[in-house]
Amino acid sequence: MKKQFVRVLIGGLLLFVILSFNQGPGAGDAIPEEISAILKTSCIGCHNSEARSEDAKKAVQFDLWDDYRVTKKIGVLGKIGEVVEEGKMPPEKFLDKNPDKKLTEEHQKLLVDWTKKESERLMQASK
């Protein structure tokens with residue numbers, strides 16, 4: 001009985017260790033600090049679960065990013081890259097009241113580059 005208990009305990013510990021190291025696609029999805037700072041300045045105010053705009057919440061809720069499936073992250077990243085590259089985000093109406101939230105050209109480039117690299121990384125990891 002004692003041997004069986006020890007085997008189950010060891011098996012459980014091994015399983016825990018294996019799962020901790022092998023988290024599969026989506027593991028390591030943390031948003032880099034430089035990108036996170038840009039998002040905090042210009043995006044998260046509208047794109048979070050507490051935001052008033054339903055459209056903004058539908059598009060992306062950065063506070064829920066870690067809960068998104070890999071496929072959803074890839075789609076959202078593509079859309080972020082597109083609207084940032086086209087200069088549609090943050091929207092002009094918002095920037096009229098909050099000019100300090102405007103993305104610089106450097107920040108636009110960083111965001112677009114990150115969305116492309118991150119979506120590629122997620123696609124490769126999910127193969």
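Lys79 is partly exposed, at a relative accessible area of 47%; buried means under 20% relative accessible area, exposed over 50%, and partly exposed in between, with a 1.4 Å probe and protein chains only. In this predicted model, local features need pLDDT of at least 70 and side-chain atom pairs count only at pLDDT 80 or more, while totals for chains, interfaces and linings use all residues. Residues are numbered from 1 along each chain as its sequence is written, and side-chain values use heavy atoms, with hydrogens and water left out.

Lys79 forms a salt bridge with Glu82, with 3.4 Å between the closest N and O atoms. A salt bridge here is a side-chain nitrogen of Lys or Arg within 4 Å of a carboxyl oxygen of Asp or Glu. Glu82 is also partly exposed, with a relative accessible area of 36%. Both residues belong to helix 4 (residues 70-85), where they are three residues apart, about one turn of the helix.

## Other salt bridges

The count of salt bridges comes to five. One of them joins Lys57 to Glu54, the closest N and O atoms being 3.3 Å apart. Lys57 and Glu54 lie in helix 3 (residues 54-59), three residues apart, about one turn of the helix. Lys57 counts as buried, at 17% relative accessibility.

In helix 6, Arg121 and Glu118 are three residues apart, about one turn of the helix. Their side chains meet in a salt bridge at 2.9 Å, N to O. Arg121 is partly exposed, with a relative accessible area of 30%, whereas Glu118 is buried at 8%.

## Helices and contacts

The chain has six helices and zero strands, and its pattern along the sequence reads α-α-α-α-α-α. Helices (H or I, at least four residues) and strands (E, at least two) are DSSP runs, numbered from the N terminus.

Of the contacts between residues at least 6 apart in sequence, 55% join residues at least 24 apart; a contact means heavy atoms within 4.5 Å. Of the 127 residues in the chain, 28% count as buried. The chain exposes about 9,200 Å², of which carbon and sulfur atoms supply 58%. Accessible areas come from the Shrake-Rupley method with a 1.4 Å probe, and for residues only the protein chains shown count as cover.

In helix 2 (residues 33-42), the buried residues are Ile35, Ser36, Ile38, Leu39 and Ser42. Seen down the helix axis, these buried residues fall within an arc of 160 degrees, so they line one face of helix 2. The arc is that of the directions from the helix axis to the C-beta atoms.

Helix 6 is included in what covers the buried residues of helix 2. The face of helix 2 turned away from its buried side carries the exposed residues Glu33 and Lys40.

## Confidence

The average pLDDT of the chain is 83, and 77% of the residues score at least 70. pLDDT is the predictor's confidence in each residue, from 0 to 100.

Over residues 5-9 the pLDDT stays under 50, and the model has zero contacts beyond four places in sequence for them. Residues 11-27 also have a pLDDT below 50; beyond near neighbours in sequence, this stretch has six contacts in the model.
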